[in-house]
Amino acid sequence: MNILTICSTFPYPPTRGGTQGRTFNLLKTLTQNHAVTLITQRSQDVTEEIEALRQYVKELVVFPRPTELEAGIPAKIKRFGQFLLRGTPPNVLFLYCEEIQKWIDKAVAAEKFEVITCEHSVNEIYIRPEWKKQVRTILNIHSSVYRTCKNQLETGTSDNEWRDRLYLPLLRRYERQTLRKFSRVVVTTDEDEQQMKAFAPEAEIILIPNGVDLETFPYRKADPGGHNLVFVGGLDYFVNIDAACFFSLEVLPVVQQKYPDATLTLVGSKPSPEVQALAKRPGITVTGRVPSVAEYLHKATVAVIPLRTGFGMKFKTLESMAAGVPVVASDRGLEGLEVDRPNVPLRALRANRVEDYVEAISRLFEDTRLRETLSRNGRELIEQEYTWERLGKSYEQVLTN
């Protein structure tokens, strides 16, 4: 089949996780049996990645990505007014490109494609409702924007509470309206599946979680022991910034009271100033981008995923399990995974409060057998259910059947 994939985030390299990782790995499977055209936007730091990505698709169409958002109170009021009247969030309008719209309109009119996929809901803006009658349109929701905003308000992790309280009912309206435009909707977790079904009971909602490339994240050769913690994630993303600061400032000092030699390594690209400042604290290392995340995971006694907000299935959790590192994570970090329910092998320890983290980490520091149990069970779960090869085939069925 001829498939058009729309992704405003340049989906390469996949090691960046998030939208890049999911989009690229699903796309790579599709290209084995279908002619895929990818239309995307590139930021200024995307250079040699263009030719690398071009090898995977029949056609790669690249447009420049906007760089600067107008600042100041009048600009913010204007954006809110547009959201109120047009029903489209400012971040979606900011990325919108009229040239991309013209390109897609022309292709649809020429019946060039049988399927169009929007990778992440921000790309829905290019899809016209009437196209459902002539082409199969798929929305791949990486995480619900409404649920994310709602959770940030509930947990006090919003970076602008006043704005988000205004936006919340508008995001609810926006997400409900968006679903109606598409033939099928794909989500990554059961929580998002329930939310989308509540928004649009008549819509066809399919659950396809995130996955792992097992070659990139091989199973560890040995348990390193010790008292070394690791947290992995893009450290310029506010969800990960909040998690890194929360754990470093509130949890780690308590752990170090029991284990003075305990360390924390924060692994991720573009660490924010707040994260960089954490390196001044005892036992904390901030690496920035590294050649191999798996190497840092293999050196760690425990991987911590102390997210307090952010929805969707987390790559960092899946990759830590694949690498064989025992995981201590929050409800948000474990979203979409069965790890500690009755009649399910124990695959990770759950923690949401400071005392929960300290207790779980202490158990793992002290108990070699428990570490081995989580290591083995976590890896087996990934091998059985969360490989990109398996998930890519499921995605292909959604698009083509």
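Residues are numbered from 1 along each chain as its sequence is written. Because the model is predicted, local features need pLDDT of at least 70, side-chain atom pairs count only at pLDDT 80 or more, and totals for chains, interfaces and linings use all residues, while side-chain values use heavy atoms, with hydrogens and water left out.

**Exercise 1. The whole protein**

Solution. 
- Start with the elements. Helices (H or I, at least four residues) and strands (E, at least two) are DSSP runs, numbered from the N terminus.
- Now the extent. The C-alpha trace spans about 65 × 50 × 45 Å along its principal axes.
- Finish with burial. Of the 401 residues, 56% are buried. Buried means under 20% relative accessible area, exposed over 50%, and partly exposed in between (1.4 Å probe, protein chains only).

**Exercise 2. Serine 320**

Task: decide whether S320 is buried or exposed, then list what S320 touches.

Solution. 
- Locate S320: it lies in helix α12, residues 315-322.
- Check its accessibility. S320 counts as buried because its relative accessibility is 3%.
- List the neighbours. Leaving out residues up to four places away in sequence, S320 touches L297, A303, V325 and V327. Contact means heavy atoms within 4.5 Å.
- Look at the side chain. A polar atom of the S320 side chain lies 2.8 Å from the backbone oxygen of K316.

**Exercise 3. Helix α6**

Task: name the buried residues of α6 and the helices they pack against.

Solution. 
- Helix α6 covers residues 145-155.
- Its buried residues are Y146, R147, T148, C149, N151, Q152 and L153.
- These buried residues pack against α7 (161-179), α8 (190-199) and α9 (238-258).
- Look at both ends. At the start, a side-chain oxygen of S144 comes within 3.4 Å of the backbone nitrogen of Y146. After α6 comes G156, with a positive phi near 70°.

**Exercise 4. Glutamine 55**

Solution. 
- Compare Q55 with L229. They are 174 residues apart in sequence and 38 Å apart in space, C-alpha to C-alpha.

How values were computed. Polar contact = N/O pair within 3.5 Å; in protein donor to acceptor, adjacent residues only side chain to side chain.
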